[in-house]
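Subject: Structure handover

Hi,

Here is the structure we talked about. Please load it first; my notes follow below it.

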Amino acid sequence: MIDFTLIFRILVFPGFTFIVLLTLFCDWVERKIEARIQNRVGPMVAGPAGILQPLADFIKLLTKEDIEPRDAKKTIFKFAPLLAFTIMIFALFFLPVDGTNIFSTGGFSGDLIVILAFSTIANFLLFLAGWASCNPYGTIGSARVLTQFLGYDIPLFLIALTPAFIAGSLSIAAISAYQASHLLPFIVLAPWAFVLFLIAIQAELEKDPFDVPHSESELVGGLETEFTGAKLAFLHLTRDVQIVFGSALVVELFLGGPNGPVFFGIPWFWYTLWFVLKLLAVVLISEYITTVFARFRIDQVLSGNWRILLPAALLSLMLTVALVTWVYPLVV
Amino acid sequence: MSNNKIDILSVVASKLGNRVQIQPGYLSTGTIIAQNGLHRNVLKTMIDADEKTGITAITGLDFGENLGVYYHVHTSNAFVTIKAEVPKDNPKIQTIIDLHPGAVFHELEVADLLGVVFEGHPTSGHFVLSENWPDGVYPLRKNVKANEVKLVPTPKSEEITLPENERLVKIIIGPQHPALLEPEKFAVTVDGEIVTKVEPRIGYVHRGIEKATESRTYLQDVYLVERICGICNSIHAAGFVECVEKIAKIEVPPRAKYLRVIALELNRLHSHLLTLGHAGLEIGYETLFQYFWRDREPIMDLIELTSGNRVYSSLMTIGGVRRDIKDTDIPKIKTTLKDLRGKLPFYRQVYENEPSLKLRMKNVGVLKRADALKLSVVGPVARGSGVDVDVRKDEPYEAYAEIPFKEIVYTTGDTWARMNVRMDEVEESINIIEYAIDNLPSGQFRIITPRSVPAGEAVNRVEAPRGELFYYVRSNGTDMPDRVKVRTPTFANIPAFLKTAIGESIADVPANFVSLDPCFSCTDR
Amino acid sequence: MVKKSRISPIFRRAASHIFTKPATTQYPFVKPQLPDDARCKTVYEVTSCNVIDIGTGQKDGPTLDVRSITGSNCRVCVRDCPAAAIEIVEVEGKKRPQIRFDKCIFCHQCVESCPRGAIKSSIFYELATTDKCALIQKPHPNSKETKS
């Protein structure tokens, strides 16, 4: 028996098409916010107020010539961008967007760890892609990607455990359900973890001030140097999907997920709407931080991770455990 | 900074008076004719007497049978030219790089373009000319016509000398690189992340402008010389025009001098705002870049209002300026400058308090005062390291002697100090323009001069936004110059970058590099 | 991290900019206002010019002092142009200067040098074209002014 509902959910809503359209929309929002902060206009011409600009960029890249360097490792070079894109989208399938996740189940215990692992694998594939292009700038850029995301993964995992502790479960659906049932998003219960998580996500997504792997003034194109045409289109799209993924994670873990007031009894519409609104709020904050800071040097990024963020993550975890054991059962 | 002024000519006269010929008062402070290697003795005497002695430029000339090598030396209060000549069939002269390391680039250029061999200074390969220029053909010699030279095919693979130690890695920055505005190549040798050596290769933008000036009239050369650089164009025109006026003994009316000052300071304003924005871009601070360039746009509109064009103002001409300021424009100029002055405190506070900017800029690219003096750096790079050289104060030209302004000096010598020097100079330029507009003398703004210039030679130094710009013009009585020599400030500052990059992380190279404000069109001419 | 003595003002400024009007002039929908004497395309007035054929009139001919022009072979614009963008061509029997705008640097030295003011400046600046021949401005012999 073919389950048409499942196929519809995977392919159209809230699956593949919805995620891709949401990614392009978030890209437009980012560019507009960055432009307005810098006192200029941003995309204006493609579509009303430039909303079709990210789609136009994607299509333009698809029409360009696909050049492969002679010395590049062919298989990894060809498939790594597409594979990374697929894995990121698959990781997004587990996040409840319209009340439940794609597979209409309540998730399984431990799916928080699984999707963080998927994100790590996707980043690793990006590193391999840059490494396989056999270009000095690509090699240095991908080495920096590796050091940065592997370093920041550790505090990220630790801080992501904070909501899990408070909710008492490692399942994302359970975490957002806890916030809904107690009417208290974790940003109120654990604000220190929220701030630290934002910083860690900023570094994972390689946005300013942790922008080193993409810095044009030092590395030309970083790991993207040798990619052209369709592969570059998918690399850019992967990066944008990563931004949506990171922001969605913040929304689920700290802002209460898709839960919010429901009117007129169409739950999936309202859940999606609240999810998208909270996502845009996180994107706004993240883009503001990106625009306002300069770029750190690679050694400052690394020393910031090992000397500041990791101890802070451990402290935050200890604080949360203490609060959960002794304080919250009395209050919440 | 000595309080008692040293009379350098009498010091030289007392030590070497009977062996060299001294002409006081000719070509600025004086000229010393020294043959047979005595130029080294003269230079050593001057260096021993005054610590601020440095080489501004080395001009090579073609006299037919001999080649002239003129050393233009600046001290704390004098500007002296040491003239030497070598025969063309045996053009050997002793080097001075052991006395003054800042002369390395100048000697390499004269060797490349004129074929003078500097004994003790080995040159390998071309310095300014490209790889497919034939050996033995020296373009600045009079018998060589540039469009008749046959280029040799480019050598198959450029030999990249790998470092001896296995641990060292050679990273080549350029010629095409997003960090560089114009193409130049820097081969940086790193040990892990620390830079150990930088080898430059310049000459990618060499257009042969000095040779081109010899086949155009003086009036056409004003426009040609202006196009050496796109950013500091007015100051090139001003330097050339003042030099020609010195040869022809033309006295420019006072109103023209004030109008020239206004044009030059507007040029300095837009150049400094450009650099401050570009520095933001290099360290990844795009927002600051956009803000600075947004505030630069009204200045470009002002330049268009006063001269007719946003970039190439072309206001200078021999005998004055080409057009006058209209009284109806003056309120708009004053309003724009007042707005810009009101925006400066915001930028100063950002530089003081922004943590990520300070992390990238403080203690990066430190140039100590002693090194700055030895390498004779100029401009904000020198003033950021505690060396107070500013041609507008040391040897005032145009109307700068009558206009009060401060000279900005910081002592820490890092990137942050250099950027602050430029920011404070923006405010000083606004002060100068407002004073000049309020005290504009009446009268003519231009006098008509004859087209041909009497025979003679002159030197001239002006203060470009990037440092001291030097012109030497030699005329032979016709309406085309015999030799024009330009020494641009970035040419003098690149050796400083080679020194400051060593010992620091390679990730600091872009920030360090942009703080010396490189303009490679100027460097290569 | 560096200890902050004061908060950098850029945080507030960046946030407030989201609500302020952008500083962009949206050319080509909005055209900028140029001052009247901006140096744009030059316009040539035929009736005032006075070129007579007395020879080849090459650039390195005898030096002319502009004050001594009395009406014979002028060609000062040709001699003074830094980019060699003006050349004398024959149009219906008369010799006239032809300005090539793909070589012109818009310095307006020709406007200054012409003793009869036959070359005037204008503020027409949208010269971009897909055909290079359109940039060579041939003088029309019978009209007062050539079309700009």
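**Chain B: helix on sheet**

Helix 1 (residues 8–16) of chain B lies across strand 1, strand 2 and strand 5 (79–87) of chain B, and runs at about 160° to strand 1 of chain B. Contact here means that the C-beta atoms of two residues, placed from the backbone, lie within 7 Å. Axes are lines fitted to C-alpha atoms, for helices over the stretch in contact, and angles run from 0 to 180 degrees between N-to-C directions. Helices (H or I, at least four residues) and strands (E, at least two) are DSSP runs, numbered from the N terminus.

Before you go further: this is a predicted model, in which local features need pLDDT of at least 70, side-chain atom pairs count only at pLDDT 80 or more, and totals for chains, interfaces and linings use all residues. Residues are numbered from 1 along each chain as its sequence is written, while chains are lettered from A and ligands numbered from 1 in the order in which they are written.

Now the sheet. Chain B has an open sheet of 5 strands, in the order 1-2-5-4-3, with mixed pairing. Its edge strands are strand 1 (21–24) and strand 3 of chain B, each of which pairs on one side only. From one strand to the next, the twist averages 20°. Two strands pair if DSSP finds at least two bridges between them.

Strand 1 of chain B runs antiparallel to strand 2 (residues 30–33) of chain B, with 4 bridges joining them. Pro24(B) stands opposite Gly30(B) of strand 2 of chain B.

A residue is buried if 20 or more other C-beta atoms lie within 10 Å of its own, exposed if 12 or fewer, and partly exposed in between; the C-beta atoms are placed from the backbone. Strand 3 of chain B pairs with strand 4 (residues 66–74) of chain B over 8 bridges, in the antiparallel sense. Asp62(B) has Leu67(B) as its bridge partner in strand 4 of chain B. The two strands, 3 and 4 of chain B, form a hairpin with 3 residues between them. In that turn, Gly64(B) has a positive phi of about 105°.

**Chain A: helices**

Chain A has 13 helices and 0 strands. Its radius of gyration is 20 Å, close to the 20 Å that the globule rule gives for 332 residues, so chain A is as compact as a globular protein of that length. The radius is taken over C-alpha atoms, and the rule is 2.2 Å times the number of residues to the power 0.38. Along the principal axes, the C-alpha atoms of chain A fill a box of roughly 65 × 50 × 50 Å. Buried residues make up 51% of the 332 residues in chain A. Of the contacts in chain A between residues at least 6 apart in sequence, 79% join residues at least 24 apart.

One helix pair is worth a look. Helix 3 (residues 53–62) and helix 11 of chain A have axes that come within 7 Å and cross at roughly 150°. That makes helix 3 of chain A roughly antiparallel to helix 11 of chain A. Angles under 35 degrees count as roughly parallel, over 145 as roughly antiparallel, 65 to 115 as roughly perpendicular and the rest as oblique. From helix 3 of chain A, Phe58(A), Leu61(A) and Leu62(A) meet Gly229(A), Ala230(A), Leu232(A), Ala233(A) and Leu237(A) of helix 11 of chain A. By class, this contact of helix 3 with helix 11 of chain A has 7 nonpolar, 1 polar and no charged residues. Ala, Val, Leu, Ile, Met, Phe, Trp, Tyr, Cys and Pro count as nonpolar, Asp, Glu, Lys and Arg as charged, and the others, Gly among them, as polar.

Helix 7 (residues 172–182) of chain A has buried residues Ile172(A), Ala173(A), Ile175(A), Ser176(A), Tyr178(A) and Gln179(A). Their cover includes helix 5 (111–132), helix 6 (136–167), helix 8 (186–189) and helix 11 (229–254) of chain A. Just after helix 7 of chain A, Leu183(A) takes a positive phi of about 55°.

**Chain C and the interfaces**

Chain C has 3 helices and 5 strands, and 20% of its 148 residues count as buried.

Chain B and chain C each give 25 residues to their contact. The side of chain B that touches chain C has 10 nonpolar, 8 polar and 7 charged residues.

Best regards
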